[in-house]
Amino acid sequence: MEKISADIIKQENLVDDIYSMWIKCPQVAKDAHSGQFVNLYSKDSSRLLPRPISICEVDKKGDSLRLVYRTAGAGTKEFSLMKKGDSIDVLGPVGNGYTLECQHPILMGGGIGIPPMLQLAKELSAKGIDKDNISVVLGYRDATFLLNEFKKIATVYISSDTGSVGIKGNVIDAVREYGVEGDAIYACGPKPMLRAIKEYAYENDIPAYISLEERMACGIGACLACVCETIDKDEHSQVNNARICVDGPVFKADEVIL
């Protein structure tokens, strides 16, 4: 990987503090797939560290990526103010993505963990899995985003913190309420959500693959700032941890301790 300059094709505010950015980056798009992320760099020299942003969609024919992110600080606020025609430095794709070995997947996304589920749903659909057999369970704070895109390729169930959309509760509440069933779980979201999914998968004997969200420093595996505890020892360090940025961000749920 090397840092490149990408052109912004389109930028829009989806809802509240959630933004969607399409960038032209042939070198990155050709190798990208669901579950991976890219590092975006600020133009402000005082912000040395990149911001990791998950990949929402990949357009290999158009040599571009879609990044859907939440403004959470000065760096992402800077990105949200950029316009079509601006350039941004990007490095990627980074990390290991999802393994698509299933016939009736359950995709669970919570908050800003929702965007990477869209590319995963598209890849599962491209494998020939019918939309009736792709169950997507989305957990929102309140207002929805990307919902229409999901409905084109999957059967969608919704939960929200307030109950303003879908059922009131979390994604596990929605799975139980709607009787969602499948042969594998794929998830991305905050740690309490992933912990509940891991327990649910164990109780129901379903394999689960979870993408961990974590603050990162270098974003390329050099600094060891984003480690998680694992069942097995790392063969190099001989300690029970893994680097989320490059060993993940996707792990089998039974391989990590949450």
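The legends below describe close-up views of a predicted model.

**View 1. Three tyrosine rings form a cluster.**
Ring pairs link Tyr98, Tyr186 and Tyr209 into a cluster. A pair of aromatic rings is described by the distance of the centres and the angle of the planes, and both values are given here for two pairs in this view. By the rule applied to this model, the count comes to five aromatic pairs. In one of them, the ring centres of Tyr98 and Tyr186 are 5.7 Å apart and the planes stand at 80 degrees, so this pair is edge-to-face. Because Tyr98 lies in the loop between strand E7 (87-94) and strand E8 (105-110), while Tyr186 belongs to strand E12 (residues 184-189), the pair ties together parts that are 88 residues apart in sequence. Tyr98 and Tyr186 are both buried. The rings of Tyr186 and Tyr209, in turn, have centres 5.4 Å apart and planes at 15 degrees, so that pair is stacked. Here too the pair links distant parts of the chain, with Tyr186 in strand E12 and Tyr209 in strand E13 (residues 208-212), 23 residues apart. How buried are Tyr186 and Tyr209? Tyr186 has a relative accessibility of 0% and therefore counts as buried, and Tyr209 is buried as well, with a relative accessible area of 13%, because buried means under 20%.

**View 2. Helix H5 has a buried side and another side with exposed residues.**
In helix H5 (residues 171-178), the buried residues are Val171, Ile172, Ala174 and Val175. Because these residues cover an arc of only 160 degrees around the axis, they are on the same side of H5. On the other side of H5, Arg176 and Glu177 are exposed. What do the buried residues of H5 pack against? Their partners are E8, strand E9 (135-140), strand E10 (155-160), strand E11 (167-168) and helix H6 (191-203).

The N-terminal end of H5 is capped by Asn170, whose side-chain oxygen lies 3.1 Å from the backbone nitrogen of Ile172. Ile172 is also one of the buried residues of H5. Just after H5 comes Gly179, which takes a positive phi of about 65 degrees.

Strands of a sheet pair through backbone hydrogen bonds, either parallel or antiparallel. E9 and E10 run parallel and are joined by six bridges, and within this pairing Val137 stands opposite Tyr157 in E10. E10 also pairs with E11 in the parallel sense, over two bridges, where Ser160 stands opposite Lys168 in E11.

**View 3. Strands E15, E14 and E17 form an open antiparallel sheet.**
Three strands make up this open sheet, in the order E15-E14-E17, and their pairing is antiparallel. Strand E15 (241-243) and strand E17 (256-257) are the edge strands, each of which pairs on one side only. Strand E14 (residues 227-230) is joined to E15 by three bridges, and the two run antiparallel. Val227 stands opposite Arg243 in E15.

Most residues other than glycine have a negative phi, and most peptide bonds are trans. Asp16, although it is not a glycine, has a positive phi of about 50 degrees. Asp16 is found in the loop between strand E1 (4-15) and strand E2 (18-24), and with a relative accessibility of 60% it counts as exposed. Leu146 is another residue other than glycine with a positive phi, near 65 degrees. Is Leu146 buried or exposed? Leu146 is buried, with a relative accessible area of 6%, and it lies in the loop between E9 and helix H4 (147-151). The peptide bond from Gly92 to Pro93 is cis, with omega near -5 degrees, and Pro93 has its place in strand E7.

**View 4. A lysine lies over a tyrosine ring.**
Lys3 lies over the face of Tyr41, at a distance of 4.4 Å from the ring centre.

Notes. Residues are numbered from 1 along each chain as its sequence is written. This is a predicted model: local features need pLDDT of at least 70, side-chain atom pairs count only at pLDDT 80 or more; totals for chains, interfaces and linings use all residues. Side-chain values use heavy atoms; hydrogens and water are left out. Two strands pair if DSSP finds at least two bridges between them. Helices (H or I, at least four residues) and strands (E, at least two) are DSSP runs, numbered from the N terminus. Rings of Phe, Tyr and Trp (its six-membered ring) pair if their centres lie within 6.5 Å; planes under 30 degrees apart count as stacked, over 60 as edge-to-face and the rest as tilted. Buried means under 20% relative accessible area, exposed over 50%, partly exposed in between (1.4 Å probe, protein chains only). A charge sits over a ring if NZ of Lys or CZ of Arg is within 6 Å of the ring centre and within 35 degrees of the ring normal. The arc is that of the directions from the helix axis to the C-beta atoms. Contact means heavy atoms within 4.5 Å. A polar contact is a pair of N or O atoms within 3.5 Å; within protein, one must be able to donate a hydrogen and the other to accept it, and residues adjacent in sequence count only if both atoms are side-chain atoms.
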